[in-house]
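Reader: I have a structure open and a few quick things to ask. Can we go through them one by one?

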Amino acid sequence: MNERRARVWVGIDAGKGHHWAAVVDETGATLWSKKIGNDESEILTALGEILELADEVQWAVDISGTSSALLLALLAAHGQQAVYVPGRTVNRMSGAYRGEAETDARDAYVIAETARHRRDFATIEVPAQLAADLALLTAHRTDLVADRVRMINRLRDVLTGVFPALERAFDYSAHKGALVLLTGYQTPAAIRRRGRARLTAWLANRSVRGADAVAATALEAAQAQQTALPGEDVAAQIVADLATQILDLDDRLKRIDKQIRDTFRSHPQAEIIESLPGMGPILGAEFIVAAGDLAAYADAGHLASAAGLVPVPRDSGRRTGNLHRPKRYSRRLRRVFYMSAQTSIIREGPNRDFYLKKRGEGCKHVQAVIALARRRASVLWALLRDNRVFTPELPVAQAA
């Protein structure tokens with residue numbers, strides 16, 4: 001323990017409350033293994049002890065999210081870099097070592113040994129302030145959208161139990177006027193008592209567009225159901241509460257969308273990213289968060305591969321040319337390219353032309369969109385490399 005090594009590998013099994021770090025040398029022998037609280041003073045103490053063990057220290061972590069944020073920031077502040085070892089890899093590598101116990105200490109040792117044997121793991125970069133802000137904002141927006149979908153589904157389910165005609169009358173996920181209606185009137189009897197004229201005025205006072213059409217549709221549904229169902233009063237209260245929450249959630253989403261848009265457009269390459277058809281500020285912000293530093297991608301193929309847009313061969317013996325969808329890729333990055341490609345085919349232009357060409361070749365919709373997403377990954381990588389915005393026509397030099 002007192003002899004200083006030339007190089008050691010540190011595996012860290014990260015967690016919310018504490019981490020476990022294990023240090024191995026060139027022979028795989030454990031030199032140091034301790035539990036570390038997720039606290040600045042404890043991490044710094046452990047960092048000092050580990051750096052005293054060797055001239056060169058290689059760090060590996062199995063989590064690159066919020067649980068290890070403080071740890072990674074302190075490593076970066078002391079000139080240390082860590083690589084990311086996926087949990088799937090750790091689980092598979094565990095079978096190569098003796099014993100079946102699953103403990104934090106053993107997982108940390110496996111992480112360190114895996115990093116010692118392999119040199120191809122991606123380096124974890126501590127995000128800059130702008131990227132960190134966008135990561136928090138986009139993650140929060142994703143949670144809010146998921147909450148909204150859940151509330152819409154719950155509202156439709158409750159409303160179906162007491163007033164199925166009104167549930168079928170509107171698309172509550174996209175019709176604000178229908179949600180405003182439900183904050184005040186949820187039962188057939190209440191809508192019939194109000195009448196079309198007074199219901200229209202009530203909706204108009206709450207700035208509902210097409211108030212007369214909404215009132216007419218609701219009254220038609222109310223006339224179709226004359227029977228009061230059991231639990232109607234309690235269901236009406238729940239529907240009104242859910243409708244109010246959804247409207248409040250919509251206001252929150254508008255505010256966070258504006259914050260994301262303003263933050264994203266302060267990025268030096270925001271104009272380039274947003275110039276690509278179908279790539280708005282929200283998807284652009286998610287691209288910055290998911291892709292990270294563009295310098296990490298040697299070419300457009302590496303970017304497309306990271307997004308899972310490049311098929312992986314599965315050949316054996318004489319069987320060649322078998323391609324399948326990759327398993328290890330960034331789901332978030334793939335979603336950015338897929339959603340932007342699907343949006344870009346709505347309008348006329350080169351994206352829609354390429355999509356229709358693939359459909360003409362016999363590809364199904366999803367296959368054609370993925371092919372377009374792969375093409376767009378190459379285009380976006382070239383735009384960011386050349387630091388120029390997208391134009392439908394080829395640049396003069398390339399055209400020549």
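Reader: Is arginine 335 buried, partly exposed or exposed?
Author: This is a predicted model. In it, arginine 335 is partly exposed, with a relative accessible area of 41%.

Reader: And which residue does the side chain of arginine 335 meet in a salt bridge?
Author: Glutamate 286, at 2.7 Å from N to O. The pair links distant parts of the chain, 49 residues apart. Glutamate 286 is in helix H13 (residues 281–291), and arginine 335 is in helix H15 (residues 331–344).

Reader: Glutamate 286, then: buried or exposed?
Author: Glutamate 286 has a relative accessible area of 6%. The cut-off for buried is under 20%, so glutamate 286 counts as buried.

Reader: How many salt bridges does the whole structure have?
Author: The search finds 18. One of them joins lysine 358 and glutamate 361, with the closest N and O atoms 3.5 Å apart. Glutamate 361 is partly exposed, at 48% relative accessible area.

Reader: Which residues are linked in a network of salt bridges?
Author: Arg385, Asp386 and Arg388. Within it, the side chains of aspartate 386 and arginine 385 meet at 2.9 Å, N to O.

Reader: New topic. What is the volume of the largest cavity?
Author: About 50 Å³. The count of cavities of 30 Å³ or more comes to one.

Reader: What lines the largest cavity, by class?
Author: Nine nonpolar residues, with no polar and no charged ones. Among them are Ile12, Trp59 and Leu75.

Reader: Which helix gives the largest share of that lining?
Author: H1, with four residues. Helix H1 (40–51) and helix H2 (69–77) each supply at least two.

Methods. Residues numbered from 1 in each chain as written. Predicted model: local features only at pLDDT ≥ 70, side-chain atom pairs only at ≥ 80, totals over all residues. Heavy atoms only, no water. 1 Å grid on protein atoms, 1.4 Å probe; cavity = no way out; pocket = protein on both sides within 12 Å on 5 of 7 lines; lining within 4 Å. Points joined across faces, edges and corners; volume = space filled by probe spheres on them. Nonpolar A, V, L, I, M, F, W, Y, C, P; charged D, E, K, R; others polar. Salt bridge = Lys/Arg side-chain N within 4 Å of Asp/Glu carboxyl O. Buried < 20%, exposed > 50% of the residue type's maximum accessible area, 1.4 Å probe, protein only.
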